[in-house]
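Me: I would like to go through this structure term by term. Please set each value against the definition behind it.

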Amino acid sequence: MKNITLQVEGMSCQHCVNSIEGALKEIGAKGKVDLKNNSVEVSFDENQISIELIKETIEDQGYEVV
């Protein structure tokens, strides 16, 4: 498993947390949102999921990965 932390803009509430963590779970990754630091820590199998897919999944929820 690989762990990365992404800076994400536009998150402000529990709905944001649920939206991002749920979307990441659907692609087989585990996400933990930190609203205070505007970040998402993601654990994933790099043999099955690319960082680009993770970023795309978060952005598809309406947030910006910076």
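Reply: The buried residues of H1 pack against strand E1 (2-9), strand E2 (30-34), strand E3 (39-44) and H2. This is a predicted model, where local features need pLDDT of at least 70, side-chain atom pairs count only at pLDDT 80 or more, and totals for chains, interfaces and linings use all residues. Residues are numbered from 1 along each chain as its sequence is written, and side-chain values use heavy atoms, with hydrogens and water left out.

Me: What makes a stretch a helix or a strand here?

Reply: Both are DSSP runs, numbered from the N terminus: helices (H or I) have at least four residues and strands (E) at least two. H1 has 13 residues.

Me: Which residues of H1 are buried?

Reply: They are Cys16, Val17, Ser19, Ile20, Ala23 and Leu24. Buried means under 20% relative accessible area, exposed over 50%, and partly exposed in between (1.4 Å probe, protein chains only).

Me: Why is Ser19 called buried?

Reply: Ser19 has a relative accessible area of 15%, and the cut-off is under 20%, so the word applies. Leaving aside its neighbours within four places in sequence, Ser19 is in contact (heavy atoms within 4.5 Å) with Gln61 and Tyr63.

Me: Why are H1 and H2 called oblique to each other?

Reply: Helix H1 (residues 14-26) and helix H2 (residues 51-60) pack at an angle of about 140°, with their axes 9 Å apart. Axes are lines fitted to C-alpha atoms, for helices over the stretch in contact, and angles run from 0 to 180 degrees between N-to-C directions. Angles under 35 degrees count as roughly parallel, over 145 as roughly antiparallel, 65 to 115 as roughly perpendicular, and the rest as oblique. The angle of about 140° falls in the rest, so the pair is oblique.

Me: Which residues make the contact between H1 and H2?

Reply: Ile20, Ala23 and Leu24 of H1 meet Ile54, Thr57 and Ile58 of H2.

Me: How does the length of H1 compare with the span expected?

Reply: H1 reaches 18 Å from its first C-alpha to its last, close to the 18 Å expected. The expected span is 1.5 Å times one less than the number of residues.
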